[in-house]
Every structure is written in structure tokens, then in C-alpha cells.
Amino acid sequence: MKYKLIQEIFENTQKKELVKINFSNFRNKEQELEKVIAKPILLKEKLTLQFEYRYKRIINHININVDNKDELINNLNSLFLDSKDINITTTSEIINVKISKKHKYLVNRKKQQSKIILSGQNKRKNYVLEEDTIYPFLIELGIQSKSGKIINSKYNKFRQINKYLEFISDAIKKIDNKNRIKILDFGSGKSYLTFSAYHYLKNILNIDVEIIGIDLKKEVIDNCNSIAKKLNFEHLKFVYGDVANFNTNDNIDMVISLHACNTATDIALIKAINWDSKVILAVPCCQKELNNQLDSDFLPFMLKHGIVKEKFATLLTDSIRSQVLEAFGYKSDIIEFISESNTPKNMLIRGFKQEFNKNKELFIKTKQQLQNMNLEMYLINELEKNI
């Protein structure tokens, strides 16, 4: 039955009669996959079946050309093995499939006329890094093939890199580049964005720049240093260590931090403030500090819901961070880093140094507002002595 249904899907796709497939109720709960939606789209004028994988915390897309029968059938087969509920909509019927623990199939068909709408993805996007240009650093990082094609599973990462470079492009205007610009990337991880920022500033804008990435994963740091050396990225280096223990006597022009977990973002902000860095770009994640302190008696109609409490703690934490930056002379705002369909960790705290005067009154007011909610923050406690 499984192979018959998969073959039927393939044939409906070829005949442009497939509207949509929903896969749900997955057997492997650990992967936190909630739903997969497959639908035909036009990608570079070619009929493609797009699989949208909706995980608990992130959404990924896989695009498979319908002429690639083996890859398409293999992907469908994996989904049939892992899901228990499948809903297939074609132009002429709806097919509901229930699969038991022992992989027995119950199939119900209902005649119904549905219209297929092919959403196109053919509009050329004005990316900082062009799609059809070969970038050796993207090849080394596994985002681009040697022929210059962006790997399907890495396309979201490619979009994220380009969006990030737009913010870098705007931020660099705030810095005097007569001398070498020094940038620190706290929690650089696999360093997709670190390499991209270096290439963009050095090789596209011809700016004299030095970037240091810092992370606690030694094997990742070693690999990044190896790639930087191979690419002759002379002033890009990676340091193994805890960001809290990193110190320098150099002037740091920009501090960036992407998805530093919980108070690691606060450590990056504290360092940047103490260095009077001209630009701060931080995309936080896992704002657990306030979440763990919030009492459900405070706004009980909201905080009794776990997901609402988590979002409330996230918004509250990042709003306070932005206001603290303002208290230390930064013009700060919070903006969407990238669409939530790419990652829910998509808020960017941005700070541009405006003046060296501190607003002690604003800082004290912020601390008092926290105390009124019976909350305290590491960021506030650490910076209080500096205000």
C-alpha cells in the first residue's frame, strides 16, 4: 500500500494534479518534528516539490525537482515510515491515510474538486552575496557546491547570511574606517556569519578589518582556523575560550553575537559597553533567566500558559537589554533579524554609540521596574557599579 500511494503521489505531481500533502503525528518524538507540508512550486521555472519541515523551534525547507524521481520517492518513503497521519489533496480528491504502530494502512478517499496554485520562487532576490557566484568560503562551509549552487538544505542559512550582511553594511557606516576596524564575534560557533562578514568587508568593500571569533567548542575553533588559513583570510582568527574571560587592550569597534544562550548575550553586551564599542549587534536566544523567576501570579491569565510565558520572558528580557544600552549612551532598537519561518530566534538588538554620557536615572528606573516585578537580571547587577 505504501509504495502504491507514493507512486500515485509521484504521478499526480508529474501530471500537475497534486495540491498538497500534510504529514503529522510522527513516531520519533525526540526530533520535535510537528508537521511536514509538501506542495508543488515553481523554482527557476522548474516544477519542484517543496517540503516544509515544521519543528518545535525551527522551520526547514527541502526542494526536490519532480524530474528527480529517486530523490523524491526516497524522501516520501522516509516520511511515510515516520508519520502516522497523512492527508493528500489532489485536484480531484482528498486521501486520508492512517498508519498503525505495525504499519497497517487505513485509507479513506473523498471526491472533491481542488484548484492547484503554483507559487513561484523565480523572482531574483538582490542578495549581498549573489546566488550564481562561486564563493570559496561558502564551499568550505558546506553551503555552496563546487559548481556554485547553493545546497538545498542550506538555502535558509544562505538567506540568513545575506540578511545579516545587510545589517553589517548599515552598521559599518557608523565606524571611522581610516584605521583597521576590529570586530569580536562572541559565540561564533560554526562561523558562517563570521566568515561572511570578513569576506564582505575585506573583499567586497575593501575595508581593513580584523575579526576574532570566540567559542567554547575547541574542535569547531580548530576547524575554523584551518579554513581561514586555507582561504588566506589573514586577519580572521578564532579563539577557544569562555567569552566571560576574554579581555583585550585593543579598541573594539563592533561586537556581534548570534544566538548566545541565556546570559551569554548579557556578557557580550557588558564587554561591549565596557569597551565603548561603537556598534553592538546581538541576536539572543534561550532567555531563561527571567523565565525561571516569573511567578504565574503575575499576569496569571497570561503566564499560566508555558508558551506565552516563554515569549513574554523573551520580549521582557530583550526590551530591558535595549533600554540598558540606551542608559549607557547607545541608540538602541529591536528589529526582526530574519523571517520567523527561518528561525523563531529572530530578534536583533542593535546599538549605535551616540555619546559617552551615561543616563543614570534611566538605569535606576529600569532596575526599579524589575524589582517591582520581583525580578533581577545579571546584566543589571553587573553594570550597576559602572553607571
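This is a predicted model: local features need pLDDT of at least 70, side-chain atom pairs count only at pLDDT 80 or more; totals for chains, interfaces and linings use all residues.
Helix 10 runs over residues 306–327. With 22 residues at 1.5 Å a residue, helix 10 should span 32 Å, and its end C-alpha atoms are 31 Å apart, so the two values agree. A number of its residues are buried, including F312, A313, L316, I320, R321, V324 and L325. The buried set also takes in T314, T317, D318 and S322.

Now helix 7, residues 264–274. Its axis comes within 11 Å of the axis of helix 10, and the two cross at roughly 10°. The cut-off for roughly parallel is an angle under 35 degrees, so helix 7 counts as roughly parallel to helix 10. From helix 7, the residues in this contact are T265, D266, L269 and I273. They meet R321, V324 and L325 of helix 10. By class, that contact divides into 4 nonpolar, 1 polar and 2 charged residues.

An α-helix has 3.6 residues a turn, so residues three or four places apart point the same way.

Next, the other end of the chain. Helix 1 covers residues 2–14. It has 13 residues and reaches 19 Å from its first C-alpha to its last, close to the 18 Å expected at 1.5 Å a residue. Just after helix 1, K16 takes a positive phi of about 60°.

How do helix 1 and helix 2 cross? Their axes come within 10 Å, at roughly 135°. Helix 1 and helix 2 are therefore oblique to each other. The crossing is right-handed. On the helix 1 side, the contact uses K2, Y3, L5, I6, Q7, I9 and F10. On the helix 2 side, it uses K69, L72, I73, L76, N77, F80 and L81. Sorted by class, these are 10 nonpolar, 2 polar and 2 charged residues.

Which residues of helix 1 are buried? They are K2, L5, I6, E8, I9, F10, N12 and T13. Helix 2 is one of the elements that cover them. The cover also includes strand 1, strand 3, strand 5, strand 6 and strand 7.

Last, two single residues. I212 is in strand 10, residues 209–215. Is I212 buried or exposed? Its relative accessibility is 4%, so it counts as buried. Leaving out residues up to four places away in sequence, I212 touches K182, I183, L184, D185, K237 and V239. Its C-alpha is 8.2 Å from that of H235, which is 23 residues apart from it along the chain.

S188 is in the loop between strand 9 and helix 5. At 9% relative accessibility, S188 also counts as buried. Beyond its neighbours within four places in sequence, S188 contacts T194, G213, I214, D215, I221 and F238.

Terms used
Residues are numbered from 1 along each chain as its sequence is written. Side-chain values use heavy atoms; hydrogens and water are left out. Axes are lines fitted to C-alpha atoms, for helices over the stretch in contact, and angles run from 0 to 180 degrees between N-to-C directions. Helices (H or I, at least four residues) and strands (E, at least two) are DSSP runs, numbered from the N terminus. Angles under 35 degrees count as roughly parallel, over 145 as roughly antiparallel, 65 to 115 as roughly perpendicular and the rest as oblique. A crossing is left-handed if the near helix is turned anticlockwise from the far one by less than a right angle, and right-handed if clockwise. Contact means heavy atoms within 4.5 Å. Ala, Val, Leu, Ile, Met, Phe, Trp, Tyr, Cys and Pro count as nonpolar, Asp, Glu, Lys and Arg as charged, and the others, Gly among them, as polar. The expected span of a helix is 1.5 Å times one less than its number of residues. Buried means under 20% relative accessible area, exposed over 50%, partly exposed in between (1.4 Å probe, protein chains only).
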